[in-house]
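Let's take a friendly walk through this model, one neighbourhood at a time. Keep the sequence and the 3D view open as you read.

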Amino acid sequence: MATSWGSILQDEKQLEELARQAIDRALAEGVLLRSAQNPSSSDVVTYAPFTLFPSLVPSALLEQAYAVQMDFNMLVDAVSQNAAFLEQTLSSTIRKDDYTARLFDIYKQVLKEGVAQTVFLGLNRSDYMFQCSADGSKALKQIEINTISASFGGLASRTPAVHRHVLNVLKKTKEAAKILSNNPSKGLALGIAKAWELYGSANAVVLLIAQEKERNIFDQRAIENELLDRNIHVIRRRFEDVAERGSLDQNRRLFMDDQEVAVVYFRDGYMPSQYNPQNWEARLLLERSCAAKCPDIATQLAGTKKVQQELSRVGLLEMLLPGQPEAVARLRATFAGLYSLDMGEEGDRAIAEALAAPSHFVLKPQREGGGNNLYGEEMVQALEQLKDSEERASYILMEKIEPEPFGNCLLRPGSPARVVQCISELGIFGVYVRPLLKDHLEKPSLTTRGTISLFSSQNLSLPVTKL
């Protein structure tokens, strides 16, 4: 995708001046992280890495991503309610992936005891790249859907002003006007507020499960502040705090430091390293409660890579979304190639194809948080080690999407501004709330097409310029 600022990237002196102005504006707008040296304190902060110029998104693909988000909301919710599908799909994975197995154990315990919560909340982010064909055409292809701790809604709300400022400094006012307004934090807070309202206790609070060393706290505070503006109070606690001071009453209402909790919002708990035995006990306590969880354990399992791969099979979408052929078609159009590595002929064939053409595939474990996928020679080495082991079932193979690179200038604290070739991810946030009334599963009462933020290959939060 050609940009209108290509020549500017060649002017080193101008780039340095623009970078200084952009960084100052980012700091003024609150595009902030805690420092790596003091991740538990906001006494010293820095700007979050970003690109000097906004990234371009074709209008048709942006509208396609908007249109399919409500379908993904419905699909994630349907998967989370289908215990038989989850158990069958994850059966091979949980035998070899301890982390997924621990999540699934909690899921089974909660089902056995009986699900206490009556309000279900999803705050998801579906990530895409633009597959570039030989003829130059582009197609929207999903990378993954994040069902737990979907981040950067807060910082993405603040970056459009930074990029408008840069373009206005360059007297590119027409281009600046094309940068879309973007406020994901407001939409995410709306979903939490609706779940809080449906819980039905005016004195209850929202419990945000946070890490002690949380550099990305300002992203989270944006949502907290939106809720406080609605007179909904948020308390931040760690898993350790829940284990020590959390409790359930006889009706399985959750209390934290003697405050009733209406909604539990997880910004922790998406990686194995974030759990110890005490934290697993805390997670079970939270799941057993009648508080609305975002996500509940079933919805977190619905976001696993193995579920994503299984959904690509012929007939699965039709089974989960009966009578909705248009939604099925919209969803399937975004799928890239996804391949099982379970033991057997199908998995053997997928491994052989990947080893024969490694540049066409990505190896993905059941992990969130970024930085876990394997490519190229690393993928080949891993597959050679895994191909005769049942451990391979804890991975999936995915077609490698080939977007068109473009030049931009990366701004990172402590590093000089540098022009590099970038690729982008487009992230669309989706919100849904489903109340459970009188033993009848209602359809989600709130769906939005989401607000939008853009992520580059460096996982930076950016605004969008519409072509």
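## Ground rules

Helices (H or I, at least four residues) and strands (E, at least two) are DSSP runs, numbered from the N terminus. This is a predicted model, in which local features need pLDDT of at least 70 and side-chain atom pairs count only at pLDDT 80 or more, while totals for chains, interfaces and linings use all residues. Residues are numbered from 1 along each chain as its sequence is written, and side-chain values use heavy atoms, with hydrogens and water left out.

## Glu-310 in its helix

Helix α13 covers residues 305-311, and Glu-310 lies within this helix. Is Glu-310 buried or exposed? The relative accessible area of Glu-310 is 15%, so this residue is buried (buried means under 20% relative accessible area, exposed over 50%, and partly exposed in between, using a 1.4 Å probe and protein chains only).

The side chains of Glu-310 and Gln-309 are joined by a polar contact of 3.5 Å. A polar contact is a pair of N or O atoms within 3.5 Å; within protein, one must be able to donate a hydrogen and the other to accept it, and residues adjacent in sequence count only if both atoms are side-chain atoms. With neighbours within four places in sequence left aside, Glu-310 is in contact with Phe-85, Thr-89 and Leu-316 (contact means heavy atoms within 4.5 Å).

Strand β6 (residues 138-146) pairs with β5 in the antiparallel sense over eight bridges; two strands pair if DSSP finds at least two bridges between them.

## An open sheet of three strands

Which strands form the open sheet? The order is β3-β16-β17, and the pairing is antiparallel. The edges belong to β3 (50-51) and β17 (418-422), each with a single partner strand, so one side of each is left without a neighbour in the sheet.

Strand β16 (residues 406-411) pairs with β17 over five bridges in the antiparallel sense. Gln-421 in β17 is the bridge partner of Gly-407, and Arg-418 in β17 stands opposite Leu-410. β16 and β17 also form a hairpin, with six residues between them and a positive phi of about 80° at Gly-414 in the turn.

## Two packed helices

Two packed helices are described by the angle between their axes and the distance between the axes. Helix α16 (residues 345-356) packs against helix α17 (residues 376-386) at an angle of about 145°, and their axes are 10 Å apart. Here, axes are lines fitted to C-alpha atoms, for helices over the stretch in contact, and angles run from 0 to 180 degrees between N-to-C directions.

Which residues meet where α16 and α17 pack? Ile-351, Ala-354 and Leu-355 come from α16, while α17 brings Met-379, Val-380, Leu-383 and Glu-384. By class, the contact of α16 with α17 has six nonpolar, no polar and one charged residues. In this scheme Ala, Val, Leu, Ile, Met, Phe, Trp, Tyr, Cys and Pro count as nonpolar, Asp, Glu, Lys and Arg as charged, and the others, Gly among them, as polar.

Most residues other than glycine have a negative phi, and most peptide bonds are trans. Phe-152 is not a glycine, yet has a positive phi of about 75°. This residue is in the loop between β6 and α5 (153-156), and Phe-152 counts as buried at 15% relative accessibility.

Asn-231 has a positive phi too, near 65°, and is found in the loop between α9 (217-229) and β8 (234-237). Asn-231 is exposed, with a relative accessible area of 56%. Finally, Cys-294 and Pro-295 are joined by a cis peptide bond with omega of about 0°; Pro-295 has its place in the loop between β12 (292-294) and α12 (297-302).

## Ser-289, a buried loop residue

Ser-289 is in the loop between α11 (277-288) and β12, and counts as buried at 0% relative accessibility. A polar atom of the Ser-289 side chain lies 3.3 Å from the backbone nitrogen of Ala-291. Not counting residues up to four places away in sequence, Ser-289 touches Ala-116, Gln-117, Leu-248, Arg-252 and Leu-254.
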